[in-house]
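Please open the model in a viewer and keep the sequence alongside. The tour below moves from one selection to the next and says what is to be found at each stop.

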There are 2 protein chains.
Amino acid sequence: MQIDRSPLARPFPPLPPIAGVTLRIARAHYKTWDRCDLTFAELTEGTSVAGVFTRSACASSEVELGRAAVRQGRARALIVNAGNSNAFTGHRGREAVEAIMTQVSEALGCPREEVFVSSTGVIGVPLPIDKARAGIAAALAAKPCGWEDATLAIGTTDTFTKGAGAAAMVGGTQVQLAGIIKGSGMIAPDMATMLGYIFTDADVAPAFLQEALERANAATFSCITVDGDTSTSDTVMVFATGKAGNTRIESWDSPGADAFAAALEDVCRNLAHLVVRDGEGARKFISVRVSGAVSDPSARTIGLAIANSPLVKTAIAGEDANWGRVVMAVGKAGEPADRDRLSIAFGGIWTARNGVPVDRYDEAPVAAHLKGEDIEIAVDLGLGEGRATVWTCDLTHGYIAINADYRS
Amino acid sequence: MQIDRSPLARPFPPLPPIAGVTLRIARAHYKTWDRCDLTFAELTEGTSVAGVFTRSACASSEVELGRAAVRQGRARALIVNAGNSNAFTGHRGREAVEAIMTQVSEALGCPREEVFVSSTGVIGVPLPIDKARAGIAAALAAKPCGWEDATLAIGTTDTFTKGAGAAAMVGGTQVQLAGIIKGSGMIAPDMATMLGYIFTDADVAPAFLQEALERANAATFSCITVDGDTSTSDTVMVFATGKAGNTRIESWDSPGADAFAAALEDVCRNLAHLVVRDGEGARKFISVRVSGAVSDPSARTIGLAIANSPLVKTAIAGEDANWGRVVMAVGKAGEPADRDRLSIAFGGIWTARNGVPVDRYDEAPVAAHLKGEDIEIAVDLGLGEGRATVWTCDLTHGYIAINADYRS
């Protein structure tokens with residue numbers, strides 16, 4: 001099935017090269033397609049690594065091995081296979097990942113646990129080791145490529161290439177960040193069929209890098225949802241080569257630590273939004289802002305209940321100011337809420353305050369807002385100071401077409 | 001919008017009259033439609049009542065008042081308004097319910113708390129008191145009607161009338177049960193836009209009736225889901241007139257208590273299945289059987305994660321044996337699961353056992369099963385003795401059409 005480019009797509013941005021990172025791509029022929037489906041990022045010696053991974057109880061071997069290896073803090077290579085997720089493939093799947101780690105560590109002369117592998121695609125088919133081996137050999141011999149080519153090679157059902165960059169001043173030295181991501185369906189709060197990689201030339205200690213990534217992830221990737229489904233492969237990693245020559249960031253007290261963390265969070269937020277913009281069948285980008293909850297986590301839970309509600313998402317698809325469905329979603333979230341203190345706005349216009357529709361409610365400006373591409377739903381619980389913003393897309397015929405009409 | 005009759009519809013069954021119950025319907029004109037939209041069930045003196053209600057934190061005044069009144073255990077009347085749910089209407093909504101209770105209690109000469117009111121329909125518009133008053137006066141003057149007419153009058157977006165009956169022997173006396181229900185969307189594990197009423201001529205003490213209803217509800221209405229959304233109005237009530245003349249059922253030790261409870265659960269299960277069969281856009285009825293979980297509640301949570309997964313539901317709609325999506329849903333459920341012990345079957349045919357696809361897996365019989373109307377998904381966790389069955393429907397273009405294309 002040909003899937004049209006998302007109407008919410010953004011052009012791939014200009015991203016700076018990152019000193020210490022060399023990208024190469026190759027054809028491993030994981031599927032019967034004529035495209036590059038293996039991406040190889042070689043990283044300079046001494047590169048720090050951090051990662052966050054799916055919480056699925058059925059995670060792939062890639063995720064299990066990556067989660068373990070990231071603890072030692074160093075990376076020399078990242079290999080991404082597209083077309084086969086190698087999830088739910090038992091010991092044969094694990095052997096395939098270990099074979100790739102061995103091959104690459106021998107080629108680069110580095111410890112095996114400094115080689116990170118991701119795979120994305122169909123579940124339940126072991127990654128063919130021969131194809132992986134040949135693909136890696138081809139990648140090692142290939143010429144370096146740019147960010148967009150690498151992004152194309154990690155994609156599967158994506159309808160556009162997604163990247164984001166940022167810069168930060170770290171103690172008088174400018175550092176660069178460049179991030180790429182793939183993902184469009186099976187996107188949920190605990191991350192997604194989402195593989196995201198951020199590269200920076202900053203010199204950052206692994207422990208701080210991990211802390212900064214977890215903090216950024218909580219406010220960005222963990223606040224998006226397309227269909228509430230969680231992939232077995234979700235991974236976001238950061239690689240810091242140290243080539244910028246800044247004074248190493250060791251902790252939040254190091255010069256430039258805040259600036260670097262803010263830039264990292266910016267990149268994560270932009271990448272997360274792009275995944276929502278490529279949500280299967282998406283025609284509208286929806287921001288759900290929750291305030292007045294008893295706590296920030298409670299606000300996030302309520303926001304996700306709204307963002308995951310099929311009835312809310314179809315109402316937005318229909319450009320229907322059906323705030324009753326928002327009430328319903330707040331009510332079902334299982335978090336403290338008081339019907340008679342609840343207020344709801346679309347596009348900054350209150351439709352209901354303190355549990356009743358506003359007097360002389362004029363639907364016209366709300367209807368005009370809903371005709372746009374970027375939709376804002378605000379909910380105030382009136383109970384406390386907790387707040388959160390989550391992002392999602394509408395639920396359309398396109399989602400059904402991609403997931404039901406198309407035989408996997 | 002004209003919504004077609006569900007292809008999974010069942011004919012309305014023959015239901016016995018229940019001694020002590022008189023049904024009447026009237027036109028309250030809650031919407032600009034030409035149909036009966038007010039149902040009045042008059043109950044003989046001494047009728048026992050039990051009820052279970054939505055857990056929504058934003059429940060309607062009907063639910064709040066009903067939940068409080070059911071504790072005194074007696075009912076003389078039930079009034080159901082269709083077309084306006086009166087939810088999220090603040091004190092004006094509450095006043096409308098209280099006005100109905102007062103009017104009916106004066107007409108019947110009974111305490112106000114023996115009058116139960118339900119409303120279903122659009123959220124956020126106070127129920128018009130004048131229309132309710134006139135509708136009740138008309139109902140009081142109307143001729144008695146049968147079960148199907150009453151079921152038609154409580155319906156809103158339902159595409160067919162839903163009823164179920166049963167009989168049980170209670171200490172040598174046969175008792176009858178007749179149940180009716182409405183609901184098709186906003187159906188979730190904590191019940192639904194679902195109003196269900198079961199009437200019996202059995203003589204049952206209110207405390208036992210409540211216990212039997214809660215037990216039946218846990219295994220039936222709490223195990224269905226259409227879209228994971230929870231209504232602000234969900235209500236299931238049982239009324240026992242005592243006219244059968246059996247020895248009163250006071251506890252589980254009373255003669256016939258088990259038989260009565262089993263009959264009640266049968267009626268609840270049949271009604272629950274009919275709601276799924278009228279799920280918005282449903283073309284397939286899906287049973288999800290989970291075994292081998294660490295506990296029954298854990299099995300139910302996993303079953304609901306599968307049954308609520310848009311990716312599973314669209315795969316079934318597409319008749320696609322995509323068991324990888326079932327793995328995904330198990331993984332995201334947040335319950336104990338071990339990828340390498342997990343087994344999955346469609347229509348009794350194992351597709352994966354102990355974490356890997358079965359050897360020489362033949363998709364043909366699975367594909368044949370998926371072409372049918374009644375789909376079985378079985379998941380064995382291989383961890384313990386916990387089991388549960390939940391029921392849902394597929395997710396189709398019809399759901400989107402009903403909820404997005406149709407402006408509320």
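Select B:Val290 to begin: this residue stands opposite B:Val379 in β16(B). The two strands concerned are β12 (residues 285–293) and β16 (residues 374–380) of chain B, which run parallel and are joined by seven bridges. Strands are DSSP runs of E with at least two residues, helices are runs of H or I with at least four, and both are numbered from the N terminus. Two strands count as paired if DSSP finds at least two bridges between them. Strands of a sheet pair through backbone hydrogen bonds, either parallel or antiparallel.

Before going further, note that this is a predicted model, in which local features need pLDDT of at least 70 and side-chain atom pairs count only at pLDDT 80 or more, while totals for chains, interfaces and linings use all residues. Residues are numbered from 1 along each chain as its sequence is written, chains are lettered from A and ligands numbered from 1 in the order in which they are written, and side-chain values use heavy atoms, with hydrogens and water left out.

Now widen the selection to the whole sheet of chain B. It is an open sheet of six strands in the order β15-β14-β13-β16-β12-β17, with mixed pairing. At its edges stand β15 (356–357) and β17 (386–393) of chain B; each has a single partner strand, so one side of each is left without a neighbour in the sheet.

Helix α6 (residues 257–277) of chain B lies across β12, β16 and β17 of chain B and runs at about 45° to β17(B). α7(B) also lies across β12, β16 and β17 of chain B, running at about 25° to β17(B). Such angles run from 0 to 180 degrees between N-to-C directions, and axes are lines fitted to C-alpha atoms, for helices over the stretch in contact. Contact means heavy atoms within 4.5 Å.

Keep α7 of chain B (residues 296–308) and select helix α9 (residues 323–332) of chain B as well. Two packed helices are described by the angle between their axes and the distance between the axes. Here the angle is about 130° and the axes are 8 Å apart. That makes α7(B) oblique to α9(B), where angles under 35 degrees count as roughly parallel, over 145 as roughly antiparallel, 65 to 115 as roughly perpendicular and the rest as oblique. Which residues make the contact of these helices? They are B:Ile302, B:Ala305 and B:Ile306 of α7(B), together with B:Val326, B:Ala329, B:Val330 and B:Lys332 of α9(B). By class, these residues divide into six nonpolar, no polar and one charged. Ala, Val, Leu, Ile, Met, Phe, Trp, Tyr, Cys and Pro count as nonpolar, Asp, Glu, Lys and Arg as charged, and the others, Gly among them, as polar.

β1(A) and strand β2 (residues 38–43) of chain A run antiparallel and are joined by six bridges. Within this pair, A:Thr39 in β2(A) is the bridge partner of A:Ile25.

Then show α2(A) with helix α3 (residues 129–141) of chain A, whose axes come within 10 Å and cross at roughly 25°. That makes α2(A) roughly parallel to α3(A). The residues of their contact divide into ten nonpolar, one polar and two charged.

Finally, colour chain A by pLDDT, the predictor's confidence in each residue, from 0 to 100. Its mean is 91, and 95% of the residues of chain A reach 70 or more. Residues 188–192 of chain A have pLDDT below 50; beyond near neighbours in sequence, this stretch has 33 contacts in the model. Where pLDDT is low, the predicted coordinates should not be read in detail. For the complex, the predictor gives an ipTM of 0.78 and a pTM of 0.85.
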